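This note comments on the model shown below.

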Amino acid sequence: MKKLKRVATYLFLSIAALVSIFPFLWMLVSMTNKSVDVTAGRLLPGTHLFENLKVLFGQVDIASAMWNSTIIAVITTFLTLLIGSLAGYGFEIYRTRGKDMIFNILLLSMMIPFAAIMIPLYRLFGRISGTAPFIGIDTLAAALLPTVITAFFIFFFRQNTKMFAKELVEAGRIDGLSELGIFFRIYVPTMKTTYAAAAIIAFMNSWNNYLWPLVVLQSPEKLTIPLLISNLGAGYSPDYGVIMTAIVIATLPTALVFFFMQKHFVAGMMGSVKG
Amino acid sequence: MSELTKSTNVQSSLNKKTFVQRFKKNYIGWLFIALSVVGIGLFYFYPMVQAFLLSLKSGMGANLEFVGLENYARLFNDPTFISALTNTIIYLLVQVPIMIVLALFFSVLLNDATLKFKGFFRTAIFLPCVTSLVAYAVIFKYLFGVDGLVNKLLLNLHLISEPLNWLSDPVLAKITIIAAITWRWTGYNMIFYLSALQNVDKQMYEAARIDGASAIQQFFYITVPMLKPIILFTSIISTIGTLQLFDEVMNITAGGPGNATLSISMYIYNLSFEYTPDFGYAATVSYVIVILVVILSMIQFRVAGDKR
Amino acid sequence: MKKLWFLAITVLSILFLAACGGEESGTSGDNGSGSGDAGSGDETTTIKAWAWDPNFNIAALNIAEEQYDGDVELEIVENAQDDIVQKLNTGLSSGTMKGMPNIVLIEDQRAQSFLQAYPDAFFPIDEYFNKDDFAAYKLEPTSLDGVQFGLPFDTGVTGLFYRTDYLEEAGYTHDDLVNITWERYVEIGKDVKAKTGHDFISLDPNDLGILRVMMQTAGAWYVEGDGTTVNLVDNEPLKQAMENYKAIMEADLVKANSDWSQFLAAFNSGDVATVPVGNWIAASIEAEESQAGKWAVAPTPRLDIDGAKNASNQGGSSWYVLNVDGKEKAAEFLGQTFGSSTPFYEQLVTEVGAIGTYKPASESDAYATPNEYFGGQAIVQDFSEWMADVPPVNMGLHTYAIEDIISAEMQNYLKGKPLEDVLADAQAQAESQLR
């Protein structure tokens, strides 16, 4: 009975995994094919990989786009985690009626479609450019600033803090730690898996962010990966082999970040800390 | 059970705090949230207020004039908006529950310490939400094409007798979109559960096992109640995500056939960029989303019994 | 720990100051005639251009820069067309011209929207080239109230690309396809399908571009000549176009596609016999080398209406100069290359395969070169002859908005709703939606 359940679990997971990665496998095959073969739906590997790579690294500067996206994503992830967890912790641990109200208001900011606030936000950055050009239009700072302070991560950290053993805070105070000391010495290490999950999501959001970088970044040398892929698909005769190759290359960093971060999701490790 | 008494203890000890201590704590609490409050105020609320003012205006591009609530009245006589709204609500009601349950199920399966290849399974299921939409849309359209793999599979299993027009039939196109969203975002929701499961006290499961509770009982009496804050979180963000659904519709069906798969966000995009731009009316439609999410989130908070 | 708080508060105040402080200097720039980039004032020789498609438009810009002897350095920013539309709308409507380019490429069907929505944003370029040198149909979308804002670029003149081997097998020659109507096209299609088993055309049910191709042969559009009055219910060309569309669908001649890549695959794989679209598809047809010599191009079928021409247009874009610093230099650059240079268009057609709408260029030898892939047919020359015949239309502002309404009603029409009702309903909806 138990063995049967095991087999069923593996079978189910294998099917789910196959369904999930099938399009990705298709892309892997397609990156070795010519455009006409890709559009014909060819599922066999070809010999065009080198030519596709040559276009990407020669005619198109994918290396610099990867670099830009990486810089933006790493900084964004770090700041998002710091700012989001500070606030999520603050709202839950120092909970008051007033803060709850502010929290609810902050949640509102998640609800408006970005397209609706994009133009006013652009105008705001246009004004900022006047006094502080280093965070104005066409800077990497402008591309990441509105994405590092988000209600999403405050909400996420707050909900997870609800599961955090609050007596640890009291214990920290008795040990004479400052409030910020409790946060960094006790909360952060205890909530490692929450940070791991947040890091995955923040990195991915930043890596795939499209609309805002598109609008705010102007110089060709500041192009990010999603914009580059969008450019490849433009025009009367797009090269699908090159597009697929670019997408495989673009997908790998986030997949790797996930693979390494998910190792922190080890069942039942935290139970001992509470006891 | 022990968890509950613990938290009430904390609660009562908090009440005993002196006024000064409370004031000091309160003040420090504000410091924790200050940067976020200012940042969100500047980068989100200021533009949101501007967008609201815009929703009271109408006109082409830069030639806007004040029309008061006329845009809001226009919504009710706009058949395109009404189909977008209906479609979006259908997506919401069908898709979000399926995805949440599926993600919860995967995360419990993949949280098993004795499971082999968990890293692979987790990464595989997460992969769809990382993959660029450009390629994924191209491939999806091949899969759901008239002579695509999905039809071939269904024909071979004798579930259908002739190929289905997945992308040009109004109902089937909606199903395709729902399948696409579920495929793409289940792994994403799984992460939140997987990480939260690590914060659940393992001893509770051991105690339950000693008491003879089955896996299903453990799931419903320990996992679900313990994960409640996160389930609330994921259902709210999925609600928001679905109400703002854009990418899948834009790339797979472009709203067609007719307006059968059009979503509200796609309509906002069309009003702003595809047609002659009317940013005022687009802002009005955006505020419909805000109102809907507020209502739905309030219901979800209430259902989850999150104390104020 | 104290330090951290200090840091946080400093960051906060910088942000705040930057946002508020910028207010004053920003507002003055808002109404100014374009602040341009800092530094572009003293270094006016750098011209920024936004365009898409490195194998086509951007390649053309590069040739132009190479041939231009003025003192100009071109900085080309490549973005997909939809991306440019978003960036341009966001920038222009926010009122800050900061970061906007000097030159931008806009699709003809969208041009009127931009010109009318942002009246002061574009720079008139009448003086920089002679507009009578260009195909007549290109001038309507690129000008507003008699003032020329766009420099016409590529032609979307259509042709009937067809597989000579399939048509031959069914007993048809090139002459059987010349100067035919769409009704005849459908008849031939049925015959070819019956005799060879090949589908005749590939269509995306969500894209009604072919309706526009049909309508324009009779000089009609979704709107009247003023560009704003919705004209659906009494629009005879549109009626015929929709009837033809339904006939094609019902005769089972169509290989459906739902995507550009599937559209390309439909003819690259040899599944369909004809491709009646803009000339720019030639490069994608030629991509399948194994079919060399098996393709030819006939003129576009016309509607069965007096005065209809066997010529139409699909796509095509033009260059616009924005009202920012360096506009005169930018206009000069365009005027002397795209606007008046036959050698430029010769190089363009030989190196890039792009056909411009500059009429004097069509007499050049480069245009008469036979194309071996198309069995030695001088397709460029044929296209430029047809280009002169394309009936001009005023596409106005609402092409895409109206087409979405038609597309919803088309579903009903295909299911059997009478055409009169379909058009009446579409007309009513369009009138209420577009004011």
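1. Chain B contains 14 helices and two strands. The model is a predicted one, and in it the C-alpha trace of chain B spans about 60 × 60 × 30 Å along its principal axes. The chain has 308 residues, of which 48% count as buried. Among the contacts in chain B with a separation of 6 or more, 68% are made by residues 24 or more positions apart.

2. The interface between chains A and B may be taken next. On this interface, 81 residues of chain A are in contact with 74 residues of chain B. The element that gives the most to the side of chain A is helix H1 (residues 2-30) of chain A, with 10 residues. By class, that side of chain A, where it touches chain B, has 55 nonpolar, 18 polar and eight charged residues.

3. Chain C also meets chain A: 40 residues of chain C are in contact with 35 residues of chain A. On the side of chain C that touches chain A, at least two residues each are supplied by helix H1 (2-31), strand E2 (73-78), helix H3 (81-94), helix H11 (260-268) and helix H12 (282-286) of chain C. H1(C) gives the most to this side, with nine residues. The residues on this side of chain C divide into 14 nonpolar, 19 polar and seven charged.

4. The axes of helix H4 (residues 62-93) of chain A and helix H7 (residues 140-148) of chain A come within 9 Å and cross at roughly 30°, and the crossing is right-handed. The residues that meet are A:Ile71, A:Ile72, A:Ile75, A:Thr76, A:Leu79, A:Thr80 and A:Ile83 from H4(A), and A:Leu140, A:Ala143, A:Leu144, A:Thr147 and A:Val148 from H7(A). By class, this contact of H4(A) with H7(A) has nine nonpolar, three polar and no charged residues.

5. For chain C, the domain assignment gives domain 1 (46-156 + 314-363) and domain 2 (158-312 + 395-433). The C-alpha centres of these two domains of chain C lie 29 Å apart. Contact between them involves 11 residues of domain 1 and 16 residues of domain 2. Helix H4 (residues 108-117) of chain C gives the most to the domain 1 side of this contact, with four residues. By class, the domain 1 side has two nonpolar, nine polar and no charged residues.

6. The largest nonpolar core has 312 residues, and those with the most contacts inside it are A:Ile200, A:Ile243, A:Ala246, B:Tyr193 and C:Leu334. Helix H8 (residues 170-197) of chain B provides the largest share of this core, 13 residues. Leaving aside neighbours within four places in sequence, C:Leu334 is in contact with C:Ile103, C:Ile125, C:Tyr128, C:Leu151, C:Trp319, C:Val321 and C:Gly339.

7. Is A:Ser230 buried or exposed? A:Ser230 counts as buried because 23 C-beta neighbours lie inside 10 Å, where 20 or more are required. A:Ser230 is found in helix H13 (residues 225-232) of chain A. Not counting residues up to four places away in sequence, A:Ser230 touches B:Val134, C:Ala80 and C:Asp83. A:Ser230 and A:Ile243 are 13 residues apart in sequence and 9.0 Å apart in space, C-alpha to C-alpha; A:Ile243 is one of the residues with the most contacts inside the largest nonpolar core.

Notes: Residues are numbered from 1 along each chain as its sequence is written. Chains are lettered from A and ligands numbered from 1 in the order in which they are written. This is a predicted model: local features need pLDDT of at least 70, side-chain atom pairs count only at pLDDT 80 or more; totals for chains, interfaces and linings use all residues. Two residues are in contact if their C-beta atoms, placed from the backbone, lie within 7 Å. Ala, Val, Leu, Ile, Met, Phe, Trp, Tyr, Cys and Pro count as nonpolar, Asp, Glu, Lys and Arg as charged, and the others, Gly among them, as polar. Axes are lines fitted to C-alpha atoms, for helices over the stretch in contact, and angles run from 0 to 180 degrees between N-to-C directions. A crossing is left-handed if the near helix is turned anticlockwise from the far one by less than a right angle, and right-handed if clockwise. Domain bounds come from an automatic or database domain assignment. A nonpolar core is a set of buried Ala, Val, Leu, Ile, Met, Phe, Trp, Tyr and Cys residues joined through C-beta atoms within 7 Å. A residue is buried if 20 or more other C-beta atoms lie within 10 Å of its own, exposed if 12 or fewer, and partly exposed in between; C-beta atoms are placed from the backbone.
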